[in-house]
Amino acid sequence: MAYEGSYIKISNITAINNKLSAELEYSEDISKFFYSKLFNVEYNEQIGDINESILTIPPLAAVITVAWATGADIYLESIDKTFFESLNKIKSIFMNWFPKFSFSTEYHIANYQTNKLNNEGYGILYSGGLDSLSSYIKYKEEKPSLISIWGADVPLDKTSFWDKVECAVNKLAEMDAVNSYFIKTNVREIMNENLLNEIYLDEGDMNWWMSVSHGLILTSLTVTLPIKNLIMASSLEGEILFPDGSDMFKLFDYSWADNKLIYDYGLTRHEKIKYLLKGNTQYYQFLRVCYAQFQDYNCGMCEKCLRTITGLLLEGIDPNKSNFKVKEGFLDLIKFYLENNLLLLQDEVLYWEDIQNNVPEKSDIEFFNWYKTFDFSDYNYQKNIKKQIALVYYYRKYRGFKYTVKLLKQRII
Ligand SMILES: [Zn+2]
């Protein structure tokens with residue numbers, strides 16, 4: 001759906017001490033897609049002497065996908081020329097991915113500036129997840145600075161959880177003598193992502209953040225840091241099967257000013273455990289994969305946690321040394337879940353097949369010999385998310401796996 005004559009104007013961009021902010025003005029007809037007129041980012045260090053054409057990158061990255069979708073024109077003073085060229089490449093990819101977008105945006109920009117920042121070294125977008133931790137291990141000889149962003153996957157009101165995250169990042173930074181940067185932003189509180197999902201995405205897409213905006217936004221928040229090569233881990237190994245808001249970086253060399261992105265992809269999730277994590281025992285303690293809750297580092301109950309634990313066990317890595325609490329009988333529970341069609345949603349099966357593909361001819365663990373022959377083709381996917389939540393609840397409450405299986409048999413089946 002296109003909005004004729006609509007616009008988004010980015011103005012009053014300031015960088016004072018460690019804070020970057022910009023005002024967003026938009027026409028009335030598209031105001032329903034916005035919650036706020038103020039974009040802000042806070043860094044744990046002072047922002048250096050950086051010109052407006054670079055400082056405009058983060059607020060522009062925040063709103064540009066909404067402009068493409070609605071067809072709103074963009075008004076701003078000055079933009080880095082290389083970044084603008086990158087944006088055009090992303091737009092041409094998105095034109096194939098998002099058929100409901102308007103793409104009639106016109107730009108009213110006074111100045112396209114060529115910048116040479118002469119930065120050096122590496123940085124990595126780091127969450128502690130399997131993807132970014134594996135990429136960090138892969139590139140650790142380059143001593144990449146760890147860049148953690150609060151306000152992306154962890155909401156701004158989860159203060160004590162974020163304290164835990166910061167603490168773990170600082171521990172890793174100290175252990176390996178690398179820098180750590182912490183960024184806090186309201187970027188996800190500006191847009192009505194649910195409404196954008198509803199109007200502009202297809203059923204097969206995940207959501208606005210995952211499918212459209214996260215790659216552009218996360219990378220843009222780092223442009224004020226003194227880093228030349230930014231590493232971002234892909235969560236999907238190779239061929240692009242569906243729109244993913246960072247996988248467009250597989251298709252061209254993303255750059256801004258004289259800096260560039262290294263988009264790290266090629267290994268499946270299980271291969272990352274097998275080839276990068278395994279054996280690097282000092283890094284096990286930093287693994288944080290769970291987004292089902294924001295209290296414990298990993299809940300150990302959601303599908304993603306269960307899948308990761310299963311992968312670790314296959315590779316002989318003790319999950320209890322990787323921020324999980326796993327008791328005896330865990331694999332019996334997984335077997336029970338799978339046999340009763342209780343564990344998976346349809347798009348999660350690929351990850352479980354990935355683990356299955358890595359089971360050797362003969363495993364010392366009996367479960368995996370059974371699992372190797374498990375047939376996912378007639379798996380009855382869980383459509384009812386409430387049922388999954390109920391399972392998690394029972395699991396949480398009673399923890400003991402044997403008891404959970406017994407309980408599930410009595411109450412749910
Ligand atoms: Zn979890």
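This briefing covers a zinc site and a sheet with its packed helices. The model is predicted. Four cysteines coordinate the zinc ion: Cys290, Cys299, Cys302 and Cys305. The sheet is open and has eleven strands.

**Zinc site**
- The arrangement is tetrahedral because the four donor atoms subtend angles of 103 to 118° around the zinc ion.
- Along the sequence, the donor residues follow the spacing C-x8-C-x2-C-x2-C.
- Cys290 has 0% relative accessibility, so Cys290 counts as buried.
- Cys299 is also buried, at a relative accessible area of 7%; the cut-off for buried is under 20%.

**Sheet**
- The strand order is E5-E4-E1-E2-E3-E8-E7-E6-E9-E11-E10, and the pairing is mixed.
- Strands E5 (107-113) and E10 (255-256) stand at the edges. Each has a single partner strand, so one side of each lacks a neighbour in the sheet.
- E10 and strand E11 (residues 259-264) run antiparallel and are joined by two bridges.
- Ser255 has Lys260 in E11 as its bridge partner.

**Helices on the sheet**
- Helix H2 (residues 57-70) packs on the sheet. H2 touches strands E1 (7-16), E2 (19-26), E3 (38-43) and E4 (73-80), as well as E5 and E10.
- The direction of H2 makes about 150° with that of E4.
- Helix H5 (residues 159-176) packs on the sheet too, touching strands E7 (145-150) and E8 (180-185).
- The direction of H5 makes about 175° with that of E7.

Methods. Residues numbered from 1 in each chain as written. Predicted model: local features only at pLDDT ≥ 70, side-chain atom pairs only at ≥ 80, totals over all residues. Heavy atoms only, no water. Donors = N, O, S within 2.8 Å, 3.2 Å for Na, K, Ca; no water. Tetrahedral: all angles 85-135°; square planar, octahedral: opposite > 155°, others 65-115°. Buried < 20%, exposed > 50% of the residue type's maximum accessible area, 1.4 Å probe, protein only. Pairing = 2+ DSSP bridges. Helix = DSSP H or I, 4+ residues; strand = E, 2+ residues; numbered from the N terminus. Contact = heavy atoms within 4.5 Å. Axes fitted to C-alpha atoms, helices over the stretch in contact; angles between N-to-C directions.
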